[in-house]
Amino acid sequence: GGGGGGDVAAYPVAEDEQGFVRVGGDAGLKVTGVAGRRRCTYAECERPEDSICYILVGAETRDGDRDWDSLRGSVLCSACYSHYKQFGTLDRAQGAGLLVGELVEGEGG
């Protein structure tokens with residue numbers, strides 16, 4: 001007789017009461033991929049309902065060595081989350097400006 005097959009859905013996934021699943025180990029992330037049940041809470045998000053997953057920013061979130069306190073309790077789409085993680089701001093223009101500013105300052109003499 002054979003053992004059970006490789007059922008991908010068999011691994012334990014513990015959703016909390018809001019439908020979020022803890023992932024990411026030390027980063028303290030909680031995500032969900034349930035389309036239609038979530039939207040990005042950032043007011044300036046370009047596509048708040050069109051994300052592969054949404055991240056709940058909680059007390060445990062410390063990804064990218066950023067200060068997440070001001071966003072605690074927010075639900076961000078993957079694009080906004082990644083931007084904040086990289087630039088420390090949700091403002092797309094400000095993030096791009098920071099990057100350009102660093103490049104320009106780096107060329108001085």
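This is a predicted model: local features need pLDDT of at least 70, side-chain atom pairs count only at pLDDT 80 or more; totals for chains, interfaces and linings use all residues.
A residue is called buried here when its relative accessible area is under 20%, exposed when that area is over 50%, and partly exposed in between, using a 1.4 Å probe and protein chains only. Residues are numbered from 1 along each chain as its sequence is written, and side-chain values use heavy atoms, with hydrogens and water left out.

Let's start with the cysteines. A disulfide would be a pair of cysteine sulfur atoms within 2.5 Å, and a search of the whole structure turns up 0 of them. Take cysteine 45: the closest cysteine sulfur to its own belongs to cysteine 77, and at 3.7 Å that is too far for a bond. Cysteine 40 is buried too, with a relative accessible area of 3%. Its sulfur has cysteine 80 as the closest cysteine partner, 3.8 Å away, again too far for a bond. Contact means heavy atoms within 4.5 Å, and cysteine 80 touches Cys40, Tyr42, Cys45, Leu90 and Arg92, leaving aside residues up to four places away in sequence.

That leads to the core. A nonpolar core is a set of buried Ala, Val, Leu, Ile, Met, Phe, Trp, Tyr and Cys residues joined through side-chain atoms within 4.5 Å. The largest one here has 19 residues, and Cys40, Trp68 and Cys80 are among those with the most contacts inside it. Strand 3, strand 4 and helix 1 are the elements that give two or more residues to this core. Helices (H or I, at least four residues) and strands (E, at least two) are DSSP runs, numbered from the N terminus.

Now look at helix 1. Its buried residues are Cys80, Tyr81, His83, Tyr84 and Phe87. Seen down the helix axis, they fall within an arc of 165°, so they line one face of helix 1; the arc is that of the directions from the helix axis to the C-beta atoms. An α-helix has 3.6 residues a turn, so residues three or four places apart point the same way. After helix 1 comes glycine 88, with a positive phi near 75°.

Rings of Phe, Tyr and Trp (its six-membered ring) pair if their centres lie within 6.5 Å; planes under 30 degrees apart count as stacked, over 60 as edge-to-face and the rest as tilted. That rule gives 2 aromatic pairs. Tryptophan 68 and tyrosine 81 are stacked, because their ring centres are 4.8 Å apart and their planes sit at 15°. This pair links distant parts of the chain, with tryptophan 68 in the loop between strand 3 (54–56) and strand 4 (75–77) and tyrosine 81 in helix 1 (residues 78–87), 13 residues apart. Tryptophan 68 is buried at 1% relative accessibility, and tyrosine 81 is buried at 5%. The pair of tryptophan 68 with tyrosine 84 is tilted, at 4.6 Å centre to centre and 50° between the planes. Together, Trp68, Tyr81 and Tyr84 form one aromatic cluster.

Finally, find valine 57, in the loop between strand 3 and strand 4. Valine 57 is buried, with a relative accessible area of 1%. Beyond residues up to four places away in sequence, valine 57 touches Trp68, Leu71, Arg72, Gly73, Ser74 and Leu76.
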